[in-house]
Amino acid sequence: MGIAEARPPSLSGDSAVGLPGPSEPELPAVPAAVLVPIVVRPEPGLLLIERTAHLRTHAGQVAFPGGRIDTTDPDPISAALREAEEEVGLPRASVEVLGSLPPYGTATGFAVTPVVGLVPPDIPLVPNPHEVAGFFEVPLAHALDRANQRQEEAVWRGRLRRFYVIDWKGRKIWGATAAMVVNLSALLE
């Protein structure tokens, strides 16, 4: 059986790839949203951020812009756009929202709604130094190519876990972020 047949059509959360595991208690899900920004170019790119090293959670990780849904956010789309504006200065009005993917449950207790949107290539972005160390683009075709999506294993909280990884020029896109890209590629197939 090839990888295309072995992979579920959509990953509902970390438990679908080995996190957390059936014997562990469920964490209360904190609603969150991320923007999956596709930069419109002849060869489209996927905009990702690198979180600062001093953050309490997700320090130093590669991620999509996003975070918790605030009580003032009317919906996940508004939250994702607000977070992207706060984190990298991406004006909300510059994003053409295409839609949302199903929420993705993380082992750290978040229910993350990925919001897919098109972004113009010429917007000057400025990372918020308190949250974002930097940002980069990975070619969308590279990220969506199943040949570049692999599973790795590591011990976390005393158990062996599996998670998706996508490498790009020395950067490691992994965990929930990579799994959301896997879901997007499955949807587009």
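**Exercise 1.** Is E85 buried, partly exposed or exposed?

*Solution.* The model is predicted, so local features need pLDDT of at least 70 and side-chain atom pairs count only at pLDDT 80 or more, while totals for chains, interfaces and linings use all residues. Residues are numbered from 1 along each chain as its sequence is written, and side-chain values use heavy atoms, with hydrogens and water left out.
Step 1: buried means under 20% relative accessible area, exposed over 50%, and partly exposed in between (1.4 Å probe, protein chains only).
Step 2: E85 has 31% relative accessibility and therefore counts as partly exposed.
Step 3: E85 forms a salt bridge with R92 at 2.6 Å, N to O; a salt bridge is a side-chain nitrogen of Lys or Arg within 4 Å of a carboxyl oxygen of Asp or Glu.
Step 4: R92, at 39%, is partly exposed as well.

**Exercise 2.** Find which parts of the chain the salt bridge between E50 and R171 ties together.

*Solution.* 
Step 1: the closest N and O atoms of E50 and R171 are 3.2 Å apart.
Step 2: E50 belongs to strand β2 and R171 to strand β11, so the pair joins parts 121 residues apart in sequence. Strands (E, at least two residues) and helices (H or I, at least four) are DSSP runs, numbered from the N terminus.
Step 3: E50 is partly exposed at 24%, and R171 is partly exposed at 28%.
Step 4: the total by this rule is 12 salt bridges; D70, D73, R82, E83 and E86 are linked in a network of them.

**Exercise 3.** Describe the open sheet that contains β10.

*Solution.* 
Step 1: the sheet has three strands in the order β9-β10-β11, paired antiparallel; two strands pair if DSSP finds at least two bridges between them.
Step 2: β9 (150-156) and β11 (171-174) each have a single partner strand, so one side of each lacks a neighbour in the sheet.
Step 3: β9 and β10 pair over seven bridges, and Q151 stands opposite Y164 in β10.
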